[in-house]
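Trainee: Could you take me slowly through one part of this structure, the place where the two chains meet?

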Amino acid sequence: MNENTVLEVENLNVFYKNNKSSLFSQNKKIQALFDVSLSMEEGEVLAIAGESGSGKSTLARTIVGINRDYTGRITKKYENDTPQMVFQDPYSSLNPAKKIGWLLKEPLRVDRNKKWTATEMDIRVKEIMEEIELPMSMLERSPAQLSGGQRQRICIGIALMRSPKLLIADEPVSALDVTIQAQILELLENLHKKHGISIIFISHDLRVVYKISDHVMIMKDGRVVEYGKTRDVYLNPQHEYTSQLLKAAGIIQE
Amino acid sequence: MSNPGKAFKRNIRENPYLLAGMIITALILLMILVGIFWTPYDPTQMNSAEKLQGISLRHIMGTDNMGRDVFSRVMYGSRITLLIAIGTVAIGTIVGTAIGAVTGYFGGMMDEILMRIIDALFAFPSILLALVIVSVFGTGWIQLLVALGIAFVPSYARIVRGEFLRCRNMDYVENARLQGVSDLRMIFVHILPNIKGVLASSILIGFNNAVLAEAGLSYLGVGSQPPYASLGKMLSDAQQYMFTTPSYVLCPGIVIVLMVLGFAFLGEGISRWK
Ligand SMILES: Nc1ncnc2c1ncn2[C@@H]1O[C@H](COP(=O)(O)OP(=O)(O)OP(=O)(O)O)[C@@H](O)[C@H]1O
Ligand SMILES: [Mg+2]
């Protein structure tokens with residue numbers, strides 16, 4: 001693996017349990033990803049696009065370690081760094097029984113690499129609240145008392161608490177309305193510029209992908225159909241499916 | 001909205017069950033508390049001159065077949081009944097929650113095996129199960145408490161397992177797992193607080209079932225031994241005098257009904273908490 005590579009995925013096949021399988025049927029498993037490979041440079045923004053059900057979330061969840069049933073290789077540059085993830089739905093990814101302040105501190109409490117004192121935690125929480133541009137008074141609230149955009153900021157904040165080297169954002173704005181979408185995207189871009197953190201950005205929206213990413217991967221039915229520099233792919237799509245998507249998004253003409 | 005005192009007042013106003021439940025339960029608890037320090041008569045003091053009296057100023061619930069003051073005995077008996085109910089629900093909740101949480105959270109083979117055992121236990125009515133346990137370990141209120149507690153485990157295990165099955169793949173759990181939260185911490189610190197509403201109302205329903213089961217079992221002659229008696233035992237002792245001295249049966253009976261009603265209203269009130 002190249003020294004500048006933060007993440008390398010080789011020939012990844014991912015499986016789910018087939019819940020509908022009967023006792024005697026052959027198909028105990030459904031394969032959700034077929035032979036996916038990718039390689040990310042330090043500080044790169046890689047976008048993953050494709051229709052619903054194409055396996056984008058599955059890929060993300062396998063990289064961070066939620067899905068364990070796979071073959072192939074996932075190599076990370078930073079051993080002690082767990083990649084963090086911002087989930088698609090900010091309404092379900094925060095524990096409803098906890099206060100925001102408690103949730104932000106949890107990554108520090110369970111940190112295996114460092115023992116955080118109470119003061120250090122408070123300082124870190126304050127830093128992060130400034131980064132995600134929310135007032136400190138929100139720490140006392142519970143998730144139900146926040147708007148969708150505010151929740152997604154908190155999710156980003158939680159993901160950033162231990163300064164991960166790799167952040168995966170799985171359609172972080174698709175549950176939000178348009179003006180809030182723009183704000184969250186701007187926040188992600190600023191964080192990326194400021195900290196040089198590598199980001200995998202999953203999205204439906206090819207316009208956003210163009211704006212934000214260095215590389216793009218187009219997926220369909222669990223396979224990679226196109227993968228390359230975003231500019232190249234948009235200017236000169238190699239695959240019929242990519243052109244279709246670009247046309248549908250109104251980026252290239254018929 | 002974040003002020004708990006205000007929320008409490010609003011709920012009291014808009015939620016008659018909560019108010020009724022709190023009043024009835026408070027009265028019963030008051031009677032039990034007073035009974036610890038003071039009873040009008042010694043509950044075990046027999047008096048052959050005053051057998052089977054009806055309600056009077058001297059004995060506000062009358063006397064029993066040995067001339068003991070029924071009110072004093074009810075004060076004492078309610079305490080035993082409440083202790084058995086608390087013990088039963090505590091055993092049922094703690095053991096049941098632990099089993100349900102672990103099986104629901106981890107799933108897999110252990111879940112299958114434990115749940116089949118629970119299913120088998122569940123197939124017996126809990127009274128029957130307790131009866132079997134008591135007949136093996138002998139009678140007495142400690143045995144009764146343990147027996148009922150074990151009999152209550154399956155229902156709590158099921159409720160909690162269902163909740164954990166629902167929660168274990170939620171985004172917030174996976175999010176916490178990514179941060180490196182251990183399984184044990186996930187179960188008790190992250191998921192359990194989310195099912196406390198369900199637990200609270202099933203604990204109150206459990207109290208009711210425990211009070212009734214205790215009464216039923218004592219009625220069948222297992223459980224607390226003379227001279228002290230739980231409410232259920234008093235009821236069973238009193239049945240022969242049902243027609244000659246109705247107050248002897250009615251008074252402990254009414255207290256049982258009030259206890260059950262109070263817990264039921266509280267449970268309903270909590271489940272409607274806004
Ligand atoms: N837990 C699961 N069990 C079985 N199959 C699953 C599971 N999760 C996803 N799948 C299947 O895997 C495939 C890929 O799903 P995935 O969620 O990765 O798609 P996606 O590209 O993220 O879609 P979307 O844009 O709607 O989020 C789908 O066919 C889906 O049905
Ligand atoms: Mg998805």
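Mentor: Across the interface of chain A and chain B, the rule finds two salt bridges, and please keep in mind from the start that this is a predicted model. In a salt bridge between the side chains of B:Arg185 and A:Glu106, the distance from N to O is 2.7 Å, and this pair qualifies because the rule asks for a Lys or Arg side-chain nitrogen within 4 Å of a carboxyl oxygen of Asp or Glu. Polar contacts also cross the interface of chain A and chain B, and the rule finds 13 residue pairs of this kind, with both residues at pLDDT 80 or more. If you ask which elements of chain A give two or more residues to the side that touches chain B, they are helix H1 (56-64), strand E5 (84-86) and helix H2 (100-109). H2(A) gives the most to that side of chain A, with four residues. Sorted by class, the side of chain A that touches chain B holds twelve nonpolar, six polar and seven charged residues.

Turning to the extent of the interface, 25 residues of chain A are in contact with 15 residues of chain B. Between them, chain A and chain B bury about 1,800 Å², and 52% of this lies on carbon and sulfur atoms. Within the area that chain A buries against chain B, A:Phe87, A:Asn95 and A:Val110 supply 24%, which is more than any other three residues supply.

How values were computed. Residues numbered from 1 in each chain as written. Chains lettered and ligands numbered in written order. Predicted model: local features only at pLDDT ≥ 70, side-chain atom pairs only at ≥ 80, totals over all residues. Heavy atoms only, no water. Contact = heavy atoms within 4.5 Å. Buried area = accessible area lost by both parts, 1.4 Å probe. Polar contact = N/O pair within 3.5 Å; in protein donor to acceptor, adjacent residues only side chain to side chain. Nonpolar A, V, L, I, M, F, W, Y, C, P; charged D, E, K, R; others polar.
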